[in-house]
Amino acid sequence: MRASTDHILTSHVGSLPRPDDLIEANRARQAGERIDEPQFQEKLRMAVSDVVRRQKDIGIDVPGDGEYGKAMGQRIDYGAWMSYCYHRLDGLDFTGPDMHAMPPRRSRPGEIVLTGFADRRDRVRFAEAYADPESGITIGRRPPTGPVCVGPLTYTGQAAIAADTANFKAALAAAAIEEGFMTAIAPGATTRMGNTFYKTQEEFLFASAEAMREEYKAILDAGLVLQLDDPALATDWDMINPEPTVEEYKKFATVQVEALNHALRGLPQDRIRFHLCWGSWHGPHTTDIPMRDIVDLMLAVNAGAYSFEAGNVRHEHEWKVWQDVRLPGDKLILPGVVSHATNVVEHPNLVADRILRFANLVGRERVIASTDCGLGGRIHPQIAWAKLEALVEGARLATRQLWA
């Protein structure tokens, strides 16, 4: 991966706003309506080319494909980063409950289990706000059913990932960009669905790791940077009722890290980055686990760079964690310096201040300015692109000070 050798590089977490015609085409395709498949694939290819060119035009140094190959059939969609994998894995049945409709489950000392999304402690505490359609808390329409693992997990997405990487590589070449990243879901997030086949959660995790490894290799073999999306490492904390001790939770989450590292065995760490976040829904987030409690778990992932939320009001103060935590070796960090959590566009001076905090602690060469989370499907497209412009300008301001 490129490092910030002569200026603060800029990137983002992955999801970018989709054009309306691609959203409509995905909706029709997902609904089983008759479409012209070659025409759809050409529309997707052109959309990826356009979004890469737009990132270059505003000054993003390390662009992504916008996650355009991960279908969004509606403008507000918080789940495409995860749900895409359901169509690339065999062994699933889709007549089970959606994760937001799963019944509550209770943990006991020594036996941690994940409850349903609707029973998350943040949602229970602010039930009235979550139920109020005018509160601003929304994740868009949810499907009536969801996946359940009923057989051995195997990867069947070879054609899909081949198309994704080909589209993205062509777009990078056309824009004369030397490096780009592509996201893929981590095993800890894939296994929050129902499971009636594997005897234990650990067995389920390692089966998912083995299956998804094929996608990870395909991205790396295409010459791209692989970003692993794993909000489960942080957000599973809020899916455990009653709240466990930090020690119990870390023991539970360590297995997720072990499964992910199993999937990454032998793969080049210096071309892998890991994304951790506390979920991108616009809620109170008062039950988020502190960064300090899980930063060692994040750094235990065999990756060359770590992306994390650092720009929203629940986690901005946690830059101070890096006063005490040593970033290993020559690894990099991608702190979020603009956020998906607000419609307010950050002032470039504030963005620069946030960058400088991290650069002064870990070294300017080891910081890439990024976003808290994906912007696509979460905030209006105009605002999303304005935030990326503020990100680029803030990085320029920070560069002037750091390389003065």
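The legends below describe several close-up views of one predicted model. Residues are numbered from 1 along each chain as its sequence is written, and side-chain values use heavy atoms, with hydrogens and water left out. In this predicted model, local features need pLDDT of at least 70 and side-chain atom pairs count only at pLDDT 80 or more, while totals for chains, interfaces and linings use all residues.

**View 1. An open sheet is formed by three strands in the order 2-3-5, with mixed pairing.** Strands, like helices, are DSSP runs numbered from the N terminus, a strand having at least two residues (E) and a helix at least four (H or I); two strands pair if DSSP finds at least two bridges between them. Strand 2 (residues 89-97) and strand 3 (residues 145-155) run antiparallel and are joined by six bridges, and Leu92 has Cys149 of strand 3 as its bridge partner. Strand 3 and strand 5 (residues 194-195) run parallel and are joined by two bridges, in which Val148 is partnered by Gly194 and Cys149 by Asn195. Strand 2 and strand 5 stand at the edges with a single partner strand each, so one side of each is left without a neighbour in the sheet.

**View 2. Helix 12 (residues 348-362) spans 21 Å from its first C-alpha to its last.** This span of the 15 residues is close to the 21 Å expected at 1.5 Å a residue, where the expected value is 1.5 Å times one less than the number of residues. Val351, Ala352, Arg354, Ile355, Leu356, Phe358, Ala359 and Val362 of this helix are buried, a term that means under 20% relative accessible area, whereas exposed means over 50% and partly exposed lies in between (1.4 Å probe, protein chains only). The buried residues of helix 12 pack against strand 8 (305-308), strand 9 (332-338), strand 10 (368-371) and helix 13 (381-402). Just after the helix, Gly363 takes a positive phi of about 105°.

**View 3. Glu346 is found in the loop between strand 9 and helix 12.** With a relative accessible area of 7%, Glu346 is buried. Contact means heavy atoms within 4.5 Å, and, leaving aside neighbours within four places in sequence, Glu346 is in contact with Val337, Val338, Ser339, Val351, Arg354, Lys387 and Ala390. A polar contact is a pair of N or O atoms within 3.5 Å; within protein, one must be able to donate a hydrogen and the other to accept it, and residues adjacent in sequence count only if both atoms are side-chain atoms.

**View 4. Arg273, found in strand 7 (residues 272-276), is buried yet has no salt bridge.** A salt bridge is a side-chain nitrogen of Lys or Arg within 4 Å of a carboxyl oxygen of Asp or Glu, and the nearest side chain of opposite charge to Arg273, that of Glu179, is 6.1 Å away; in this count Lys and Arg are positive and Asp and Glu negative, while His and the chain ends are not counted. The side chain of Arg273 instead has a polar atom 2.8 Å from the backbone oxygen of His12, and a polar contact of 3.0 Å joins the side chains of Arg273 and Gln227.

**View 5. Arg88 and Glu215 meet through their side chains in a salt bridge (3.0 Å, N to O).** Arg88 lies in the loop between helix 3 (80-83) and strand 2 and Glu215 in helix 8 (residues 201-221), so the pair ties together parts that are 127 residues apart in sequence. Arg88 counts as buried at 4% relative accessibility, and Glu215 counts as buried at 0%.

**View 6. Arg53 and Asp50 form a salt bridge between their side chains (3.1 Å, N to O).** The two residues are three places apart in helix 2, which means that about one helical turn separates Arg53 and Asp50. Arg53 is partly exposed, with a relative accessible area of 40%, and Asp50 is likewise partly exposed at 41%. In the whole structure, a search finds 23 salt bridges.
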